[in-house]
Structure formats: C-alpha cells, structure tokens
Amino acid sequence: MHIAVTGNIGAGKTTLTTMLAKHYGWDAQFEDVDHNPYLEDFYADMSKWSFALQIYFLGSRFRQVKEIRESGENIIQDRTIYEDAHIFAENLNDMKLLSDRDFKNYASLFDLMKTFVSAPDLLIYLKSDVPNLVKKIYKRGREYEASISIEYLSKLNQKYEKWISSYTEGKLLIIEVDNLDFVEKPEDFGFILEKIDAELNGLFK
Ligand SMILES: Nc1ncnc2c1ncn2[C@@H]1O[C@H](COP(=O)(O)OP(=O)(O)O)[C@@H](O)[C@H]1O
Ligand SMILES: Nc1ncnc2c1ncn2[C@H]1C[C@H](O)[C@@H](COP(=O)(O)O)O1
C-alpha cells in the first residue's frame, strides 16, 4: 500500500508522516532536503537555480516511486512527484523564475516519467492558510527558508487548491490542520487517525 502526505511548505507533512509511520508500522520516505545540493542556492537566487532544482527533485522523487513499486511494503511518502510538476515547477514558470523553454523541457520529461508512476492508494492533503505556514516555517528555523515570501506561499497555496479540487487519481483525504496540534495534543492526533482508519477500511472492502 502506498500512502502519501501532500501540502504546502510547513503544513506539517514530515511531522505527520513520521508519526503515522510509527503508529501503523509503515516504512517512511522523506524528501531529499538536508543533502539537497541545490536548495540553499535556489532560495538565494531562484531564477538561476530553478531548473537545476526541479530536475533534481524530479529524479529523486522518481527514484522513490520506483522503490515503492518494487518493495511491496506499506510505505508512507512525504510529498508526491505530482507536486513538483503541478505546484512548484508550474508556479516558478508563472512567476517567470523558470523560462518557458526550460519549463517545456521539464514538462516533457515529467510526462514521460508519469507513464511509469501509479497514484498513491490514499493521498492525505494537509490544508493550511498562509499565516500558519509562515509560523511553522519560522518554528522549524531552516535559515535559507527565511527568504520565502508571503507571495510565494500564497501562489503555492492557490496551486494546491486547484490541483486538489481536480484530483481524481485515487482516494483523497483533506485535513484542515490550522486548528489541530497533533504534535502536542493526543486527541488531535486521534482525530486524524480516525479519519485515516475510515479511509483504510474503505480501501480493504
Ligand atoms: N499541527 C501542528 N501543530 C504544531 N506544530 C506543528 C504542526 N505541524 C507541524 N508543526 C511544526 O511545524 C514545523 C514544520 O513542520 P514540518 O512537518 O517540517 O512541515 P512540512 O514537512 O510540511 O514542511 C515543525 O517545527 C513542526 O514541529
Ligand atoms: N519541486 C520543488 N521545487 C522547489 N522547492 C521545493 C520542491 N520540493 C520541495 N521544495 C522545497 C520546499 C521546502 O523549502 C523544502 C522541503 O519541503 P517541505 O514542504 O518543507 O517538506 O523543499
């Protein structure tokens, strides 16, 4: 089984993925952030590094998809390959930080890869508004993310809403996380587990 957690920067994906993997005994796959050779440079100069970063994330995410396919284990994945293309790359192109020819080049590679990708059995979308994202990004304290603008997060959130509203590839669970503190409050984590259990029961019927 393949479960994926999706959502904007700072929504709580990594935290929830870790907690769910522990709770259900699933293997977890995380994003390539700490050893990412482009991320810090990208935030310092988006226009210069956007293409290199997108190609890097695409390759790294495709490797994960291949592993999920081959492993036969229950795996929970922190962010999907769809978000790289439909959220981040598209947004950078809209913002003129990724040129049209680079975006076309990227999109043709993504379209090819997509033919080898299966959608997750369950996609869990963590929906959050921009002020809460900002608070959590600040709380996490990655220095290079200090340059992330409200405009950038807002545009990403709009892309998420659009993508999620037309997502039909598999089961989808939307969780509004702004009033949930699933880190500190067991009852909030319990609320999320109840929702996930209901979806999992549906999958096995
Ligand atoms: N529901 C929540 N309540 C309180 N703090 C949270 C919540 N979700 C995440 N956090 C905190 O916000 C920060 C960003 O969370 P993280 O899981 O890294 O987000 P993402 O992986 O979506 O970027 C972390 O410091 C985390 O502990
Ligand atoms: N495809 C991507 N393009 C640009 N930036 C990306 C992409 N995928 C992830 N990121 C960034 C956003 C954050 O700074 C880090 C980690 O993501 P997070 O949502 O905090 O887990 O990588």
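In the predicted model, E40 is exposed, with a relative accessible area of 54%, and its place is in helix α2, which spans residues 39–44. Together with D41, D45 and E143, E40 forms a negative surface patch. A nonpolar surface patch of about 340 Å² is likewise present, made by I55, L109, L112 and F116. Of these residues, L112 lies in helix α5 (residues 100–114) and, at 52% relative accessibility, counts as exposed, since the cut-off for that class is over 50%.

The chain comprises 8 helices and 5 strands, and from the N terminus on its elements follow the order β-α-β-α-α-β-α-α-β-α-α-β-α. The radius of gyration is 17 Å, close to the 17 Å that the globule rule gives for 205 residues, so the chain is as compact as a globular protein of that length. Taken along the principal axes, the box filled by the C-alpha atoms is roughly 45 × 35 × 30 Å, and 45% of the 205 residues count as buried.

The count of salt bridges comes to 13. One of them is formed by R61 and D84, whose closest N and O atoms are 2.7 Å apart; this pair links distant parts of the chain, with R61 in helix α3 (residues 46–71) and D84 in helix α4 (residues 81–94), 23 residues apart. R61 counts as buried at 2% relative accessibility, and D84 is buried as well, with a relative accessible area of 2%.

K159 counts as buried at 13% relative accessibility, while E90 is partly exposed, its relative accessible area being 22%. Beyond individual pairs, salt bridges that share partners join E31, R61, R79, E83 and D84 into one network.

Notes:
Residues are numbered from 1 along each chain as its sequence is written. Chains are lettered from A and ligands numbered from 1 in the order in which they are written. This is a predicted model: local features need pLDDT of at least 70, side-chain atom pairs count only at pLDDT 80 or more; totals for chains, interfaces and linings use all residues. Side-chain values use heavy atoms; hydrogens and water are left out. Patches are made of residues with over 30% relative accessible area and no salt bridge: like charges are joined within 9 Å, nonpolar side chains (Val, Leu, Ile, Met, Phe, Trp, Tyr) within 5 Å. Accessible areas come from the Shrake-Rupley method with a 1.4 Å probe; for residues, only the protein chains shown count as cover. A salt bridge is a side-chain nitrogen of Lys or Arg within 4 Å of a carboxyl oxygen of Asp or Glu. Lys and Arg count as positive and Asp and Glu as negative; His and the chain ends are not counted. The place of a charge is taken as NZ of Lys, CZ of Arg, CG of Asp or CD of Glu. Helices (H or I, at least four residues) and strands (E, at least two) are DSSP runs, numbered from the N terminus. Buried means under 20% relative accessible area, exposed over 50%, partly exposed in between (1.4 Å probe, protein chains only). The radius of gyration is taken over C-alpha atoms; the globule rule is 2.2 Å times the number of residues to the power 0.38.
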